[in-house]
Amino acid sequence: MMTDMRGISDDIWVFGYGSLMWNPGFAFVEQTRARVFGYRRALCVRSQVHRGTADRPGLVLGLDRGGSCLGMAFRIAGGDREAVIAYLRERELVTHVYKERLVPLRLADGRTVTALAYVIDRAHLQYAGALQADEAALIVAQARGRSGENVDYVMNTLDHLRAMGIRDHWLEEVGRGVQTLLAKR
């Protein structure tokens, strides 16, 4: 389901919690840290192509209900709005595992804005549910898809988050679990 963007001011904000943070793929006029409340970053999407297969799905990030999530907000100039939304829909809505939503964000400087975000559709077949860190680590350690090892996806995400000064304790626990499992092979 796509969000009706009519009535939104010319400039829009986009919230990134995964690869959009370091690889947005679109032009923006402002970038800042932001926190969304009521959602958390989670490995809750079964990947059956890029980081897994139908027989052994991997896990990729989704924005799931509960908690809060520190990520990046991008302000998009009104003139670029339609092109950026079209790009994001092509990038994020391939299997419709995500729902396009407008969510309130608190920016690093204290401002509150409304931003476009892609949140998990809990009714979608690819939704993996709320996994414990050890469950997620076991899945990640065993999965490989068209884009490579699932472990590479998780470790790359953790490296980028660390470089941006963003801590995600649950994802870090998954990463440690994966490393432990791989060391036992």
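Tutor: Let's start with a term we will need: a salt bridge is a side-chain nitrogen of Lys or Arg within 4 Å of a carboxyl oxygen of Asp or Glu. Keep in mind that this is a predicted model.

Student: How many salt bridges does a search of the whole structure find?
Tutor: The search finds 14 salt bridges. One of them joins Glu172 and Arg167, with their closest N and O atoms 2.5 Å apart.

Student: Are Glu172 and Arg167 buried or exposed?
Tutor: Glu172 counts as buried because its relative accessibility is 10%, and buried means under 20%. Arg167 is exposed, with a relative accessible area of 54%. Elsewhere, salt bridges with shared partners join Asp11, Glu30, Arg75, Asp109 and Arg111 into one network.

Student: What does the side chain of Asp168 meet in a salt bridge?
Tutor: Asp168 meets the side chain of Arg41, at 2.7 Å from N to O. This pair links distant parts of the chain, 127 residues apart: Asp168 lies in the loop between helix 3 and helix 4, and Arg41 lies in strand 2.

Student: And is that pair buried or exposed?
Tutor: Asp168 has 9% relative accessibility, so it counts as buried. Arg41 has 7%, so Arg41 counts as buried too.

Student: What about Arg162 and Asp159, how far apart are they in helix 3?
Tutor: They are 3 residues apart in helix 3, which means that about one helical turn separates them. Arg162 is partly exposed, with a relative accessible area of 48%, and Asp159 counts as partly exposed at 45%.

Student: Changing topic. Which residues of helix 4 are buried?
Tutor: The buried ones are Leu171, Glu172, Val174, Gly175 and Val178. They cover an arc of only 155° around the axis, so they are on the same side of helix 4. On the other side, His169 and Ala183 are exposed.

Student: What do the buried residues of helix 4 pack against?
Tutor: They pack against strand 2 (30–47), strand 3 (58–76), helix 2 (133–142) and helix 3 (150–163).

Student: What span should helix 4 have, at 1.5 Å a residue?
Tutor: Helix 4 has 15 residues, 169–183, and should span 21 Å. Its end C-alpha atoms are 21 Å apart, which agrees.

Student: Now the strands. What do the 5 strands close into?
Tutor: They close into a barrel, in the order 1-3-2-4-5, with mixed pairing. Neighbouring strands of this sheet are turned by 35° against each other on average, direction ignored.

Student: How many bridges join strand 2 to strand 3?
Tutor: There are 16 bridges, and the two strands run antiparallel. Among the partners, Ala34 is bridged to Gly71 in strand 3. Strand 2 also pairs with strand 4 in the antiparallel sense, over 3 bridges; there, Val36 has Leu105 of strand 4 as its bridge partner.

Student: And strand 1, what sense does its pairing with strand 3 have?
Tutor: Strand 1, residues 12–16, pairs with strand 3 in the antiparallel sense over 5 bridges. Phe15 stands opposite Ala73 in strand 3.

Student: Which strands does helix 1 touch?
Tutor: Helix 1, residues 81–92, packs on the sheet and touches strand 1, strand 3, strand 4 (98–107) and strand 5 (112–120). The direction of helix 1 makes about 25° with that of strand 5.

Notes: Residues numbered from 1 in each chain as written. Predicted model: local features only at pLDDT ≥ 70, side-chain atom pairs only at ≥ 80, totals over all residues. Heavy atoms only, no water. Helix = DSSP H or I, 4+ residues; strand = E, 2+ residues; numbered from the N terminus. Expected span 1.5 Å × (residues − 1). Buried < 20%, exposed > 50% of the residue type's maximum accessible area, 1.4 Å probe, protein only. Arc of directions from axis to C-beta. Contact = heavy atoms within 4.5 Å. Pairing = 2+ DSSP bridges. Axes fitted to C-alpha atoms, helices over the stretch in contact; angles between N-to-C directions.
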